[in-house]
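Please keep the model in view while reading.

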Amino acid sequence: MSGRTEGGVKDLDGRGYSVWSALLTSFLPTRAFAHASDRGHVLLLPTGYYLVGGAVAVAISFLVLAQLPTDWLDRFWRRRLPLFTLDDGARTAVSLVSFAGFATLVASGLFGSRDPLSNPLPLVIWTMLWAGLTVMQGIFGDLWSWLNPWFGPYRLVSRLFGVNEDRAWRLPNWIGCWPALVLFFAFAWFELIDPAPDDPARLAWAAGLYWLFSFVAMLLFGYRAWNPAGEALTVFYSMVARFAPVERDENGRLGLCWPGAKLFAAGPLSASGIAFLLLALSSVSFDGLSKTFFWLGLFGINPLEFPGRTAMTGSGTLGLVLTFAMLAAIFLLAVWLGRLLAGGDRPSGHAAGLLVWSIVPIALAYHIAHYMTALLVDGQYALASLSDPFALGWNLFGTADMAIEAGIVAGAESAWWLWNIQAGAIVLGHVLAVLVAHGFAARLNPVPARAALSQFPLTLLMIAYTVFGLWLLATPTIG
């Protein structure tokens with residue numbers, strides 16, 4: 001993930017430096033750090049033009065959409081291309097294989113190499129699962145419902161011991177997905193604030209205890225009841241999957257649709273669902289913000305003398321909470337102002353529950369931009385480590401000796417194309433968010449003029465967040 005090194009700054013080649021290592025690297029080659037997303041680039045491009053261009057692109061998309069007929073947009077979102085039927089017959093088997101792989105990874109964390117770049121557990125959890133699978137969910141739909149390591153074991157235990165979901169304890173209706181939000185906050189805290197989230201043994205204990213806690217909760221409350229309420233990854237991945245252009249109906253038939261079209265089939269989220277989506281976005285934003293010279297300057301820290309994550313635990317925790325609170329307050333204020341301008345009769349909570357779905361394209365875009373270098377470099381380390389999970393000299397998949405091409409994210413040329421892809425993802429994500437928000441606004445306000453007025457404050461928020469995201473990509477950061 002990010003922020004794993006204890007000190008240093010980044011140069012254009014994305015290498016982490018302390019004061020002493022800056023002197024040594026003129027003579028010695030450097031090794032890639034765990035989690036390539038820690039490396040960034042000091043942009044040597046006309047940053048101001050990118051910021052203005054991104055803001056203008058979002059603004060123009062709002063103006064264009066405001067002129068389009070509502071029925072045209074509705075027909076646009078409803079278009080589908082049917083494909084083929086995929087039944088659930090193999091779902092239990094796939095999940096059992098996933099559980100076996102997860103158990104092996106936990107064992108490798110406890111008994112394998114101590115090096116985070118050689119042990120597959122941190123590489124798979126942070127790079128392939130968190131960074132990579134999120135992108136896959138946004139492209140191919142809900143793969144997690146098949147790959148999660150609970151479904152198969154739950155089905156197996158249910159059949160062996162006669163567990164009946166109808167006899168399980170009932171979760172109260174008010175609980176929503178508050179348990180998942182609490183667990184997701186703990187997940188984000190561990191990733192961003194904990195001093196050693198890459199330590200294989202530490203991560204193995206955390207992952208193993210989380211799996212066990214979730215499994216016991218599923219046995220107590222039922223799989224179908226606990227998953228959408230308390231399993232943080234399931235809640236997050238299912239929200240992201242609604243953006244995917246691949247959908248599957250209740251009969252198992254696959255089809256293609258426009259990206260984001262499935263969001264319109266969703267009902268308004270509860271307060272806990274709104275908070276969960278905003279936390280997902282704010283945590284990734286804070287991940288980038290917490291490494292900037294600006295953030296360190298607020299606490300009087302010289303980036304060349306970065307004291308490490310342990311010394312930043314308190315300020316990091318405060319920053320994570322404040323970033324979420326500020327985003328939530330500004331989003332709710334924008335929705336309230338929009339309702340005030342449009343004179344709608346729907347409650348602000350109902351409008352917020354619908355409009356918050358427009359956060360999904362933004363969250364996915366930030367995820368792609370933020371973790372792109374991790375996927376490109378740490379993904380290679382993950383493939384290599386999977387062939388030898390216990391550092392015993394195995395080569396199970398023939399990848400143990402593969403050459404790691406860390407240079408793919410190093411150098412001025414790489415900085416140019418990486419930053420442009422990342423910036424493009426952020427701008428496109430916000431444009432799609434405006435498109436989604438406009439569709440919901442038309443549902444809340446049938447009169448086109450009122451729908452456009454209701455979106456004006458939210459569009460301003462999206463423009464500001466576009467500029468903020470591009471600034472995060474361009475500003476110098478510690479390693």
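Which residues does Trp357 touch, not counting residues up to four places away in sequence? Trp357 touches Met239, Arg242, Leu263, Ala266, Gly267, Leu269, Leu277, Val436 and Phe440, where a contact means heavy atoms within 4.5 Å. The model is predicted, with local features needing pLDDT of at least 70 and side-chain atom pairs counting only at pLDDT 80 or more, whereas totals for chains, interfaces and linings use all residues. Residues are numbered from 1 along each chain as its sequence is written, and side-chain values use heavy atoms, with hydrogens and water left out.

**Core and burial**

Trp357, together with Phe276 and Phe331, touches the most other members of the largest nonpolar core, which has 99 residues. Such a core is a set of buried Ala, Val, Leu, Ile, Met, Phe, Trp, Tyr and Cys residues joined through side-chain atoms within 4.5 Å. Helix H17 (residues 412-444) contributes 11 residues to this core, the most of any element. Another core, of 13 residues, lies apart from it and includes Ala188 and Phe306. Buried residues (under 20% relative accessible area; exposed is over 50% and partly exposed in between, with a 1.4 Å probe and protein chains only) make up 52% of the 479 residues.

**Helices**

The protein has 18 helices and 5 strands; these are DSSP runs numbered from the N terminus, with helices (H or I) of at least four residues and strands (E) of at least two. The table sets out two helices; the expected span is 1.5 Å times one less than the number of residues.

| Helix | Residues in helix | Span between end C-alpha atoms | Expected span |
|---|---|---|---|
| H12 | 19 residues | 26 Å | 27 Å |

**A loop residue**

Ala391 lies in the loop between helix H16 (359-386) and H17. Although Ala391 is not a glycine, it has a positive phi of about 55°. Ala391 is partly exposed, with a relative accessible area of 48%.
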